[in-house]
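Visitor: Please walk me through this protein, one question at a time.

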Amino acid sequence: MNSPSLKDKVPPHNSEAEAATLGAMLLDPEAVGIVLRHLRPEDFYSGYNRNIYSAILSLFNKGQEVDLITLTDELRAKGKLEASGGAAYATTLTSVVPTSANVEYYAKIVKDSSIRRSLLKIAAELTSQSHDESIDSRELIEEAERKIFDITDNQQTGSYRGANEIINETIAAIEKLYHTKNSYTGIPSGFPDLDNMTSGFQRAEFIVIGARPSVGKTAFALSMAANMSIKKSVPIGFFTLEMSAQALMQRLVSSEARINSRNLRTGFLKPSDFYNLTEAAGRIYEAPLFIDDTPNIKLLDLRAQARRMRSKEGVEALFIDYIGLIEPENKGNVPRHEQVAEISRSLKSLARELDIPIISLSQVGRQSEGKAPTLADLRESGSIEQDADVVMFLHRERESGKDGEQQTSVKTELIVAKQRNGPVGTIEIAFIPHYTKFESLARE
């Protein structure tokens with residue numbers, strides 16, 4: 001319920017800025033194009049001004065000049081002249097502003113008031129819905145976050161730029177790459193052969209890594225997350241739906257300290273291991289790595305947590321281990337492949353919304369056992385292949401009779417089967433069973 005002091009308040013608006021914006025557009029036809037980048041008719045609080053702005057847009061879209069006479073005719077033709085204050089009100093608009101020089105500033109004032117009214121509207125809707133116990137509270141949170149992000153998106157105004165401006169920026173970027181010798185436009189994974197193929201993981205991309213069980217999906221994702229966060233100090237979020245945060249951290253310690261993971265699990269450590277352990281713990285402590293280990297997390301909860309990681313911690317990439325363990329909100333009698341399709345689409349849209357790469361692990365079907373997996377082997381839904389910008393597979397032959405942990409290094413194929421904006425192909429990396437990690441073969 002609104003408090004008495006708020007209930008009687010007039011919603012935020014600025015009548016002078018609204019009139020000055022419209023007056024400037026009537027004085028200078030070029031001002032119409034400037035204001036269009038910032039405002040929509042609903043951004044005006046006054047009904048008169050909203051009608052007049054709609055009429056100006058109508059004239060602009062028809063390629064007609066905008067002045068007092070054409071505006072009045074347009075309003076009359078639409079039957080809205082009286083509902084817009086009549087010709088007398090339109091005439092007063094040109095007298096409130098002497099020039100169109102500050103029209104963009106006026107438009108931003110109008111937009112700011114419009115945003116504040118939108119926030120009040122969302123708050124009022126939430127207040128009402130919060131009393132409805134039939135609505136799940138997590139759905140309310142998701143809805144609130146989505147609406148606020150929508151307001152943010154609506155503030156992003158499009159514009160065009162001349163080639164002379166863009167070419168200068170492009171040359172500057174090329175010169176920067178020349179001086180820094182950094183050929184990656186995205187976030188490097190730490191595996192040079194892969195980064196040369198992808199130029200790093202690009203913003204807003206949905207990336208899928210598939211493999212049969214026990215090939216090392218989690219180890220590969222953790223190796224990349226460690227390369228990014230520990231070696232390069234890039235903030236990274238990691239959703240581990242299968243393993244606990246402590247178990248994941250134990251893997252990371254083994255990998256960073258280069259201590260046999262079996263010894264770490266059993267406690268059979270050498271005195272010299274403790275120095276490496278302390279050094280590794282120090283590096284991990286300083287790393288901007290954020291882990292969520294909620295088992296079978298709901299899709300809405302994952303999206304909400306990802307937004308918090310992005311806004312509060314500034315994460316630049318998200319890992320999800322793995323997509324098949326995410327719970328959709330409404331399972332009901334919906335077939336599993338449709339549930340996975342919903343999750344896949346949602347992760348793709350989340351990557352675009354947060355403007356960061358999202359790297360999700362996925363299992364492949366049994367039919368790929370004993371052979372290199374293909375896109376058709378992605379389990380449970382073909383929509384994963386459709387939504388993903390990049391699809392990679394880990395593959396190596398299983399050697400019967402050999403204990404993996406007795407081998408110091410196992411060559412593994414990393415197959416880039418789909419890349420929307422780049423080449424595909426296969427590279428080789430090394431799995432180090434002792435430390436449950438992957439490394440570039442160049443280091444062997």
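Guide: We begin with a definition: rings of Phe, Tyr and Trp (its six-membered ring) pair if their centres lie within 6.5 Å; planes under 30 degrees apart count as stacked, over 60 as edge-to-face and the rest as tilted. This is a predicted model, where local features need pLDDT of at least 70, side-chain atom pairs count only at pLDDT 80 or more, and totals for chains, interfaces and linings use all residues. Residues are numbered from 1 along each chain as its sequence is written, and side-chain values use heavy atoms, with hydrogens and water left out.

Visitor: How many aromatic pairs does a search of the whole structure find?
Guide: A pair of aromatic rings is described by the distance of the centres and the angle of the planes. Searching the whole structure this way gives a count of aromatic pairs: 6.

Visitor: What kind of aromatic pair do Phe220 and Phe438 form?
Guide: The ring centres of Phe220 and Phe438 are 5.5 Å apart.

Visitor: How many residues apart are Phe220 and Phe438?
Guide: Helices (H or I, at least four residues) and strands (E, at least two) are DSSP runs, numbered from the N terminus. Phe220 lies in helix α11 (residues 217–231) and Phe438 in strand β9 (residues 437–440). The pair links distant parts of the chain, and the separation is 218 residues.

Visitor: Is Phe220 buried or exposed?
Guide: Buried means under 20% relative accessible area, exposed over 50%, partly exposed in between (1.4 Å probe, protein chains only). Phe220 has 0% relative accessibility, so Phe220 counts as buried.

Visitor: Which residues do ring pairs link into a cluster?
Guide: Phe431 and Phe438 form a tilted pair, 4.9 Å centre to centre with 40 degrees between the planes. Both of these residues are buried. Ring pairs build a cluster from Phe191, Phe220, Phe431 and Phe438.

Visitor: What share of the 444 residues is buried?
Guide: The protein has 17 helices and 9 strands. Across its 444 residues, the buried share is 44%.
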